Amino acid sequence: MSDTHSHHGAPRGFETTAIHAGNTADPATGAVVPPIYQVSTYKQDGVGGLRGGYEYSRSANPTRTALEENLAALEGGRRGLAFASGLAAEDCLLRALLSPGDHVVIPNDAYGGTFRLFDKVATRWGVEWSVADTSDVDSVRSAITPKTKAVWVETPSNPLLGITDIAAVAQVAREAGARLVVDNTFASPYLQQPLALGADIVVHSLTKYMGGHSDVVGGALIVNDQGLADELAYHQNAMGAVAGPFDAWLVLRGIKTLPVRMDRHSENATRVAEMLSRHPRVTKVLYPGLPEHPGHEIAAKQMKAFGGMVSFQVEGGEEAAVEVCNRAKLFTLGESLGGVESLIEHPGRMTHASVAGSALEVPADLVRLSVGIESVDDLLADLQQALDNK
């Protein structure tokens with residue numbers, strides 16, 4: 001699974017690809033890192049004579065091109081496109097794929113921002129959607145209508161860490177003539193490669209594990225189909241929510257250490273999940289690496305490791321969950337995830353407030369952890385004290 005193909009056709013290891021794909025030495029100076037081309041326009045060699053295809057940085061920028069080539073290589077896709085945020089990427093995808101009257105199946109445990117994009121924005125343009133439990137293939141099949149153009153999946157999902165069998169859902173979508181979209185933000189291409197499992201489009205919030213350092217916001221789409229790639233690239237340019245050169249450069253820098261970071265995130269999260277499942281005040285631990293997780297076997301089949309996200313429920317309801325969040329010291333109380341530092345949050349009141357009252361509402365007693373790469377004993381001690389102080 002970690003074999004990604006280089007431009008020369010020879011398979012390379014994932015770590016090699018992460019460091020080298022798109023990262024060619026600068027021809028002018030030999031700089032080993034692509035420069036930040038902080039530029040808006042380019043000198044043309046005569047009217048219509050473009051150097052390397054660059055004319056205006058919304059349409060293309062060399063730093064962004066480097067990132068886009070890297071993303072395509074890591075996901076095993078033909079084309080990668082980088083955007084100003086994950087939601088900008090999703091918006092571009094919706095407009096390129098859908099017309100008024102079309103229908104989309106969305107998961108019952110999607111990221112709140114994705115749900116808001118469908119519920120409050122796309123709906124106004126005549127796009128219809130319905131919710132399915134994507135961990136149950138029959139639920140997806142029965143949610144599909146003759147108007148369904150896309151099936152949307154997050155695996156692992158945010159914040160309930162649900163697991164969807166990508167290959168199985170891909171088959172159901174294909175039979176219905178719908179595209180399968182997989183949000184691969186939680187796993188990253190190091191742990192999971194949806195295109196190889198039959199997905200049509202991979203979506204990322206590059207803000208999270210790809211950037212990895214809580215210092216940049218970005219999004220991406222990766223596809224295999226050339227026609228779809230052209231359509232998305234057209235919309236990317238026409239709508240203009242592109243990644244800026246410095247943001248693209250920061251994500252490229254983060255990706256170089258993605259494999260070593262994900263290994264440690266996964267190791268630390270496993271230890272945290274095991275400790276939480278032994279704690280008397282914890283009623284439930286949601287982590288696909290635990291054998292009792294309902295999606296454990298599928299996750300083990302389609303992922304290299306189980307990632308850095310852990311959610312858990314505490315006795316005492318919403319107040320108790322909020323208390324645990326407030327008492328944590330080393331775990332920073334904050335939204336977002338995927339950085340080197342550990343974060344803790346209360347989804348119901350923070351990242352998933354937008355789904356309150358909907359089919360996607362999350363439990364009030366739920367706490368979500370983004371387990372960082374600190375010394376694991378310090379993380380365990382911090383959670384212990386946050387849970388013990390009654």
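Mentor: One term before we look at helix pairs: a crossing is left-handed if the near helix is turned anticlockwise from the far one by less than a right angle, and right-handed if clockwise.
Trainee: Okay, so which handedness does α2 have where it passes α9?
Mentor: That crossing is left-handed. Helices here are DSSP runs of H or I with at least four residues, strands are E runs with at least two, and both are numbered from the N terminus. This is a predicted model, where local features need pLDDT of at least 70 and side-chain atom pairs count only at pLDDT 80 or more, while totals for chains, interfaces and linings use all residues. Residues are numbered from 1 along each chain as its sequence is written, and side-chain values use heavy atoms, with hydrogens and water left out.
Trainee: How confident is the prediction, as mean pLDDT?
Mentor: The mean pLDDT (the predictor's confidence in each residue, from 0 to 100) is 95 for the protein, and 97% of its residues reach 70 or more. Over residues 1-8, though, pLDDT is below 50.
Trainee: Back to α2 and α9. At what angle do their axes cross?
Mentor: Roughly 35 degrees, with the axes of α2 (residues 62-75) and α9 (residues 245-255) coming within 8 Å. Axes are lines fitted to C-alpha atoms, for helices over the stretch in contact, and angles run from 0 to 180 degrees between N-to-C directions. The contact residues divide into ten nonpolar, two polar and one charged.
Trainee: And what about α3 and α8, where do their axes cross?
Mentor: Those axes, of α3 (residues 86-97) and α8 (residues 226-239), come within 9 Å and cross at roughly 120 degrees. The pair is therefore oblique; under 35 degrees counts as roughly parallel, over 145 as roughly antiparallel, 65 to 115 as roughly perpendicular and the rest as oblique. The crossing of α3 and α8 is right-handed.
Trainee: New topic: is G80 buried or exposed?
Mentor: G80 counts as buried because its relative accessibility is 3%; buried means under 20% relative accessible area, exposed over 50%, partly exposed in between (1.4 Å probe, protein chains only). G80 lies in strand β3 (residues 79-83).
Trainee: What does G80 touch?
Mentor: Leaving out residues up to four places away in sequence, G80 touches E68, A72, L221 and I222.

Terms used
Contact = heavy atoms within 4.5 Å. Nonpolar A, V, L, I, M, F, W, Y, C, P; charged D, E, K, R; others polar.
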